[in-house]
Amino acid sequence: MPLRNDGSAGFRAWPPETGRRGLLASTLLLVASAAACAADEPAPAAPDQDTSAMTQLVLPFDAYKTTPKQRAVLGNAHNHLVVQCMRERGSTVTPPAEDADAIAAVDPGNSRRYGVTDIEAAKQYGYHLARPPSPDTTGAWAAKLPKPVRHRLYGTAADRGCLDRATQALDKGARKADWPWLSLQDSLTLEQAAKDPTVKEAVRRWQSCMSQNGHSYPSPEAAIADSRWNLDEPEITEEEKQTATADTRCKWSSGLVLAWYGADAELQQDVIADNPGRFAALRANLKQRLKRASNLLAQHKSGEVG
Amino acid sequence: MRLSRKAAGIVAAAAMFTVVAPAATAVASPRSTCYGGRVCLYAGFDYNRGQIDHWRDFVKDDSNLADNNWLNWDFSNTWHSMDNETSSVRNRVGCSATLWQHPGYTGAHSTFTHNSNDGYLSNNAIGNNRTSAIDIWCR
């Protein structure tokens with residue numbers, strides 16, 4: 001959903017209003033059906049076409065998080081406030097613009113929330129992050145600034161710099177909202193869902209499937225943590241690719257993704273239902289910040305502000 | 001589905017004997033600041049203001065913070081593992097950066113566009129954050 005002209009938030013909808021929820025459920029059920037029919041038998045690797053479900057792991061909390069487009073609006077408004085603040089202090093800086101499409105192109109979404117689950121990405125990148133390189137813009141504007149200017153921009157231990165002042169200015173007047181609490185709940189539902197009996201059963205089926213494919217790991221976490229892969233370096237071995245591909249296929253064929261996602265989504269729905277005030281505040285806070293940011297960008301475009 | 005705290009402690013203890021603090025450089029950023037070209041993580045809220053200054057900056061991806069130790073304000077090694085201990089972040093690296101809940105860039109995550117801050121990352125009941133990996137999009 002795009003940001004509307006009035007600057008209000010174009011929040012993600014959940015459940016998806018276009019029938020994607022049903023599509024997701026049916027797709028995931030198809031994937032899991034083999035495992036469900038033979039719960040005690042090793043699950044075969046899932047066919048690759050099931051990866052179409054990957055992009056649809058939409059969770060209830062997603063409706064309250066910023067979209068790439070919203071992040072770009074907030075980022076660009078912040079940039080303008082930084083430029084203004086630095087100009088008032090006698091310096092000219094040109095921070096790079098945020099681009100919504102660029103953010104969206106590399107945003108991982110929920111694709112790695114339950115470990116690596118994208119079969120196509122696993123084939124090519126193993127357990128490594130599958131993302132195109134993002135342009136490094138640091139050198140273009142901040143790296144070569146003289147020390148006094150850097151202090152004005154970044155601040156010192158004694159004084160906040162323009163980057164912090166811009167953040168404060170953007171937040172000013174917005175209804176208080178507990179974003180750290182949402183982040184905490186986001187990690188807690190994932191951890192709680194992992195303890196669900198259906199997820200534990202699915203992990204056993206995953207183990208069996210992996211074993212059938214020649215990989216002996218107690219858990220998906222152990223597979224990605226194998227010391228044979230170095231995720232900090234760009235090199236990806238064939239062995240890593242093969243293991244990650246088997247891992248992701250087994251995650252789908254065992255029903256692990258379906259079980260974990262289902263338990264996770266249910267817990268998130270419960271959290272939202274139990275905390276209407278908190279979620280209303282989150283939505284109001286984001287809406288107000290976006291409105292302020294949009295107004296600022298509109299004024300800048302019309303030449304009213306620097 | 002996650003390392004137990006005991007196991008994490010063992011990992012952290014092992015890391016204490018294997019991690020060496022980098023040499024101090026003029027561009028690193030203790031004491032609440034964070035200069036261009038890096039992402040700075042802080043053990044305390046509000047970028048350690050008014051607290052013990054345990055910090056560290058990153059210029060590239062790190063898939064498991066369990067093998068990193070916090071630095072002191074004077075760049076010396078604190079010998080404290082960074083795993084699940086980050087409370088605030090500044091992104092000055094020039095592109096977006098993502099903090100991940102689990103090693104290997106998995107689990108829940110928060111993405112910070114360049115020049116964004118978060119002085120109050122979520123904390124759990126025992127006061128530790130849940131950041132275990134950092135992914136810098138342009139590196």
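What covers the buried residues of α6(A)? The cover includes α2 and α7 of chain A.

Before we select anything, some ground rules. This is a predicted model, in which local features need pLDDT of at least 70, side-chain atom pairs count only at pLDDT 80 or more, and totals for chains, interfaces and linings use all residues. Residues are numbered from 1 along each chain as its sequence is written, while chains are lettered from A and ligands numbered from 1 in the order in which they are written.

**Stop 1: α6 and α7 of chain A**

Select α6(A), residues 147–154. Helices here are DSSP runs of H or I with at least four residues, strands are runs of E with at least two, and both are numbered from the N terminus. In α6(A), the buried residues are A:Arg150, A:Arg152, A:Leu153 and A:Tyr154. A residue is buried if 20 or more other C-beta atoms lie within 10 Å of its own, exposed if 12 or fewer, and partly exposed in between, with C-beta atoms placed from the backbone. Just after α6(A), click on A:Gly155, which takes a positive phi of about 85°.

Now select α7(A), residues 162–171. Its buried residues are A:Cys162, A:Leu163, A:Asp164, A:Ala166, A:Thr167 and A:Leu170. They pack against α2 (68–88), α6 and α13 (276–301) of chain A, together with β8 (117–118) of chain B. After α7(A) comes A:Gly173, with a positive phi near 85°.

**Stop 2: the loop with A:Ala174**

Select A:Ala174, in the loop between α7 and α8 (179–194) of chain A. Is this residue buried or partly exposed? A:Ala174 counts as partly exposed because it has 17 C-beta neighbours inside 10 Å. Apart from neighbours within four places in sequence, A:Ala174 is in contact with A:Asn285, A:Gln288 and A:Arg289. Two residues are in contact if their C-beta atoms, placed from the backbone, lie within 7 Å.

**Stop 3: two helix pairs in chain A**

Show α8(A) with α12(A), residues 256–274. Their axes come within 8 Å and cross at roughly 135°. Axes are lines fitted to C-alpha atoms, for helices over the stretch in contact, and angles run from 0 to 180 degrees between N-to-C directions. The two helices are therefore oblique to each other; angles under 35 degrees count as roughly parallel, over 145 as roughly antiparallel, 65 to 115 as roughly perpendicular and the rest as oblique. The residues of the contact of α8(A) with α12(A) divide into seven nonpolar, four polar and one charged. In this scheme Ala, Val, Leu, Ile, Met, Phe, Trp, Tyr, Cys and Pro are nonpolar, Asp, Glu, Lys and Arg are charged, and the others, Gly among them, are polar.

Next, select α9(A), residues 197–212, and α11(A), residues 238–253. These helices pack at an angle of about 140°, with axes 9 Å apart. At their contact, A:Trp206, A:Cys209 and A:Met210 of α9(A) meet A:Ala246, A:Asp247, A:Cys250, A:Lys251 and A:Ser253 of α11(A). Those contact residues divide into five nonpolar, one polar and two charged.

**Stop 4: a sheet in chain B**

Move to chain B and select β7, β6 and β9, an open sheet of three strands in the order β7-β6-β9 with antiparallel pairing. Two strands pair if DSSP finds at least two bridges between them. β7 and β9 (133–136) stand at the edges with a single partner strand each, so one side of each has no neighbour in the sheet. Four bridges join β6(B) to β9(B). To find one of the bridge pairs, click on B:Trp100, whose partner in β9(B) is B:Ala133. Here you also meet α8(A) again: this helix packs on the sheet, touching β6 and β7 of chain B.

**Stop 5: where the chains meet**

Display both chains. How many residues of chain B are in contact with chain A? There are 42, and they touch 47 residues of chain A. β7(B) gives the most to chain B's side, with six residues. That side divides into 12 nonpolar, 23 polar and seven charged residues.

**Stop 6: two loops in chain B**

Select B:Tyr105, in the loop between β6 (97–102) and β7 (106–112). B:Tyr105 has a positive phi of about 55° although it is not a glycine. Most residues other than glycine have a negative phi. B:Tyr105 is buried, with 28 other C-beta atoms within 10 Å.

Finish at B:Phe75, in the loop between β3 (69–71) and β4 (77–81) of chain B. Phi of B:Phe75 is positive, near 75°, and this residue counts as partly exposed, with 14 C-beta neighbours inside 10 Å.
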